[in-house]
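Please look through the model below before reading on.

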Amino acid sequence: MTNDILDLSAKVGRALQAKGLLLVTAESCTGGGVAQAVTEVAGSTAWFDCGFVTYSNASKTELLDVSAALIAQLGTVSEEVASAMATGALANSNAHVALSTTGIAGPSGAVPGKPVGTVCFGWARGDTVQTERLVFAGDRQSVREQTVVHALQGLLRIIE
């Protein structure tokens, strides 16, 4: 894990703790990378509730209440599914703030309109959910690292 990710995780922790908020993560393409980054910070038990690694479609439905029909209609890699993942993570935890990641880290998995590196994000706080879709360049590891960084940066925006 890079020092930049660790520094960003610590900044997120300070912001959450200052506001008395707990974080939950709902991750697919990052495989728990965001949860790992935030739990590297000493004292993260004060602001991190739990993380869901929902790699399969079935786990997204079973653990996060993401509609199977939504996944079938739009695909797992969509802003709508990212939104549903973040909302479901909040509903199934004690947290106040959620972030979600779903994407195609590669090297395979691309589909028309969704090349390798496509990632959708969701950030939820209360009834407000923000989403974003980006396409990152690089190999699998690079896409996953860029996703972790962007997820944490987006989290800072909704906390502060």
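1. This is a predicted model. Helix α6 spans residues 140–159, which makes 20 residues. From the first C-alpha to the last, α6 reaches 29 Å, close to the 28 Å expected at 1.5 Å a residue.

2. Several residues of α6 are buried, among them Val143, His150, Leu152, Leu155 and Ile159.

3. The largest nonpolar core has 31 residues, and Val12, Leu16, Leu152 and Leu155 touch the most other members. At least two residues of this core come from each of α1, α2, β3, β4 and α6. The largest share, eight residues, is supplied by α6.

4. Which residues does Leu16 contact, leaving aside its neighbours within four places in sequence? They are Leu21, Leu23, Trp47, Val97 and Ile159. A second, separate core holds 16 residues, including Val81, Leu90, Ala95 and Ala124.

5. The sheet is open and has five strands, in the order β2-β1-β3-β4-β5, with mixed pairing. Its edge strands, β2 (48–53) and β5, each pair on one side only. On average, neighbouring strands are turned by 10 degrees against each other, direction ignored.

6. The pairing of β4 with β5 is antiparallel and covers eight bridges. Opposite Cys120 stands Arg133, in β5.

7. Helix α5 (residues 79–91) lies across β1, β2, β3, β4 and β5. Relative to β3, α5 runs at about 145 degrees.

Definitions and conventions
Residues are numbered from 1 along each chain as its sequence is written. This is a predicted model: local features need pLDDT of at least 70, side-chain atom pairs count only at pLDDT 80 or more; totals for chains, interfaces and linings use all residues. Side-chain values use heavy atoms; hydrogens and water are left out. Helices (H or I, at least four residues) and strands (E, at least two) are DSSP runs, numbered from the N terminus. The expected span of a helix is 1.5 Å times one less than its number of residues. Buried means under 20% relative accessible area, exposed over 50%, partly exposed in between (1.4 Å probe, protein chains only). A nonpolar core is a set of buried Ala, Val, Leu, Ile, Met, Phe, Trp, Tyr and Cys residues joined through side-chain atoms within 4.5 Å. Contact means heavy atoms within 4.5 Å. Two strands pair if DSSP finds at least two bridges between them. Axes are lines fitted to C-alpha atoms, for helices over the stretch in contact, and angles run from 0 to 180 degrees between N-to-C directions.
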